Amino acid sequence: MLNLISFDASPLGALGQLSLLAALAFTLGGTWLAVVGGLKADARATEAARRAVWAVFALVSLSTLTLMAALLGDDFSVRYVAEHSMRASPTWIKVTGLWGALEGSILLWAWILAGYAFILSLTLRRDALRPWALAAMYASLLFFVGVCATVASPFTPLAQIPADGRGPNPALQNHWMMAVHPVLLYLGFVGLAVPFAYAVAALVTGRLSDHWVVVTRRWTLTAWAFLTAAIVAGGWWSYETLGWGGYWAWDPVENASFIPWLLATAFLHSIQIQERRGLMRSWNVWLIVLAYASTVLGTFLNRSGIVQSVHAFAGGPVGPVFLGFLAFLLVAGTLLAAWRAPHLRDEGEPPAALSREGAFLAGNWLFLVFAVMVLVGTLFPTIVEAVQGRRDTSVGPAFYNAFAIPLGLGLLLLMGVGPLLPWRRAEGEGLWRALRPLLLAGAGAALLAYAFGIRGVGVLTTVGLAAYNLVGLGLLTGRALRQRGGGFLGLVREQPRRYGAYLAHVGLVVMALGIAFSTAYRQDAQVTLNAGAAPVQLLHETLALESTRVEQKPYGQSAIARVQIDGRPFEARLNTYLQGGDTPFPAPAVRYGLWGDTYLVVTAFGEDGRWASVRLIESPLVSWIWWGTALVVLGAGLTLVTPRRTPAPAPALRAAPATD
């Protein structure tokens with residue numbers, strides 16, 4: 001039988017569980033009030049529902065702080081703390097324990113969701129969408145707070161309190177990025193609940209004009225920026241921690257974060273068409289419903305145990321519950337969209353192929369196909385297991401690269417031409433005049449890269465499309481400067497949304513170059529080095545083993561190899577943790593560079609300290625991925641800035657009429 005609360009537990013455990021139960025009660029009450037407010041147009045009920053959100057946020061915050069206090073205070077009477085923390089862990093590891101395992105991660109999700117709902121309650125307009133947007137947010141809160149308070153409570157007490165805990169997952173202790181990546185990911189995932197709530201409100205009320213997409217643009221951009229940063233931060237964690245020299249392996253949990261990013265990106269582009277032309281209403285509703293549902297799908301895959309991944313949590317009781325919530329979102333979204341289908345029809349002419357909206361529509365199809373293919377590859381092993389009972393089926397990078405490369409290049413092509421096309425329709429001669437400098441720049445860049453020895457078709461195409469995009473953005477900016485006059489910064493202050501989007505596109509181009517070169521021209525070699533022996537030539541470097549040593553720590557040990565690479569010292573480590581047994585976790589030494597990284601991994605040590613086996617990896621332009629991401633996030637932030645309005649000139653004073 002489910003133990004909702006035990007007063008024999010520690011005070012912290014009892015306080016945390018009581019807070020969750022109280023939050024669940026306020027969530028139920030707020031849901032009822034919001035629905036009543038919407039059905040009866042009752043402003044008092046809607047206002048009460050809005051204020052109930054504040055109580056939910058306060059109570060979930062109290063529960064979250066309580067669990068943090070239990071982790072920092074080594075309160076092993078709480079099962080979650082006993083199973084996922086230990087006294088010897090550094091403070092920052094104890095903090096990350098809040099989201100380092102199943103129950104705590106769901107509590108963090110519920111807390112962030114309550115925070116978004118609280119901010120939404122402060123910004124909601126007093127219109128017909130208001131109660132139903134609150135009701136949709138409450139539906140998500142009801143699920144996540146309910147899961148935390150019942151089947152996945154982090155405050156379950158222990159009858160026999162251990163002297164020490166088992167400690168966290170060793171893979172989560174190996175790099176500080178685990179203090180950043182999951183939080184960014186949840187901020188991105190959960191942030192999509194707000195535009196989803198507005199979409200539900202628009203469907204329920206039938207108010208499917210431009211208003212709801214205009215209101216949700218900032219919310220979606222914020223969530224999208226967090227999700228972009230989270231995906232790349234996860235890639236950096238993989239690059240720095242797993243010792244394989246890569247950053248993306250098409251892992252099922254990686255894919256689960258990429259699918260909502262693709263759908264949210266498509267949504268961000270198509271809402272511009274609805275704002276400007278009143279088109280693509282059906283697209284926008286479906287995209288945001290699927291984007292939010294895909295975040296729940298990713299959470300289900302990560303926490304159900306049905307996929308094998310270094311990023312996944314162990315299987316628990318929440319898998320079926322998440323699957324049910326996912327089914328509820330999809331069924332509810334489908335029924336609402338079917339009900340309002342006549343209102344989702346576009347009123348104007350369909351987008352012309354040679355127009356800005358036509359380019360955006362083509363991009364949406366590419367994003368959608370991309371997302372579907374990634375979903376198919378992710379779920380295929382699970383489907384095979386369900387049908388045939390085999391768990392040995394896997395889908396490797398070759399499958400994903402077969403469609404990801406052409407689709408990615410297609411998106412780069414559309415990204416460059418889209419902003420140059422006029423709305424409604426482009427004339428053939430004008431289109432050629434606009435495209436000619438872009439095509440010439442792309443062809444020239446590809447030929448120059450070929451002259452420097454680049455031979456891969458994909459890399460040459462990426463170089464050409466990068467130049468094509470950058471020249472296009474430069475021409476658009478130059479045209480605006482000529483028309484407006486003045487300086488570039490003044491132009492940005494007046495139109496931050498446009499130039500933030502341009503900056504984000506520049507960041508994506510930089511990332512694309514980093515991905516293309518680091519994938520195609522990565523070099524990898526291994527060697528065993530002997531202390532005191534002559535230096536060894538490997539790849540383009542000279543390696544010499546200087547020394548090895550072992551550092552003992554309360555929570556494990558680190559075996560360290562100090563290697564000179566071209567006269568510069570590198571210290572690569574093999575970390576082992578008390579709770580990880582004899583399994584080593586590599587901590588590579590990386591020399592970051594603008595044009596490429598030198599990456600050293602130690603794979604084995606001699607017990608006498610006289611030798612070490614190392615792996616050397618050279619990857620060109622990897623750092624461009626990280627810097628490109630910074631530009632993307634900065635650009636997204638710039639688009640959120642309210643533009644500076646130039647004050648209208650005061651009317652001239654008229655002279656008083658002459659009098660005799």
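**Helix packing and cores**

A: Helix 9 passes helix 19 in a left-handed crossing; left-handed is the term if the near helix is turned anticlockwise from the far one by less than a right angle, and right-handed if clockwise. Helices (H or I, at least four residues) are DSSP runs, numbered from the N terminus. This is a predicted model, in which local features need pLDDT of at least 70 and side-chain atom pairs count only at pLDDT 80 or more, while totals for chains, interfaces and linings use all residues. Residues are numbered from 1 along each chain as its sequence is written, and side-chain values use heavy atoms, with hydrogens and water left out.

Q: At what angle do the axes of helix 9 and helix 19 cross?

A: Axes are lines fitted to C-alpha atoms, for helices over the stretch in contact, with angles from 0 to 180 degrees between N-to-C directions. Here the axes of helix 9 and helix 19 (residues 623-639) cross at roughly 165 degrees and come within 9 Å. Helix 9 is therefore roughly antiparallel to helix 19 (under 35 degrees counts as roughly parallel, over 145 as roughly antiparallel, 65 to 115 as roughly perpendicular, the rest as oblique).

Q: Which residues of helix 9 and helix 19 meet?

A: Contact means heavy atoms within 4.5 Å. On helix 9 the residues include Arg217, Trp224 and Trp236, and on helix 19 they include Trp626, Val632 and Thr639.

Q: How do helix 2 and helix 6 compare in direction, parallel or antiparallel?

A: The axes of helix 2 (residues 43-72) and helix 6 (residues 129-149) come within 10 Å and cross at roughly 30 degrees. That makes helix 2 roughly parallel to helix 6. Their crossing is left-handed, and among the residues in contact are Ala49 and Val53 of helix 2 and Leu134 and Tyr138 of helix 6.

Q: Which residues touch the most other members of the largest nonpolar core?

A: A nonpolar core is a set of buried Ala, Val, Leu, Ile, Met, Phe, Trp, Tyr and Cys residues joined through side-chain atoms within 4.5 Å; buried means under 20% relative accessible area, exposed over 50%, partly exposed in between (1.4 Å probe, protein chains only). Of the 145 residues in the largest core, Ile106, Met137, Phe144, Tyr198, Trp212 and Phe370 touch the most other members. Helix 9 (residues 211-241) supplies the largest share of this core, 16 residues. Apart from it lies another core, of 35 residues, including Val417 and Leu491.

Note on methods:
Helices (H or I, at least four residues) and strands (E, at least two) are DSSP runs, numbered from the N terminus.
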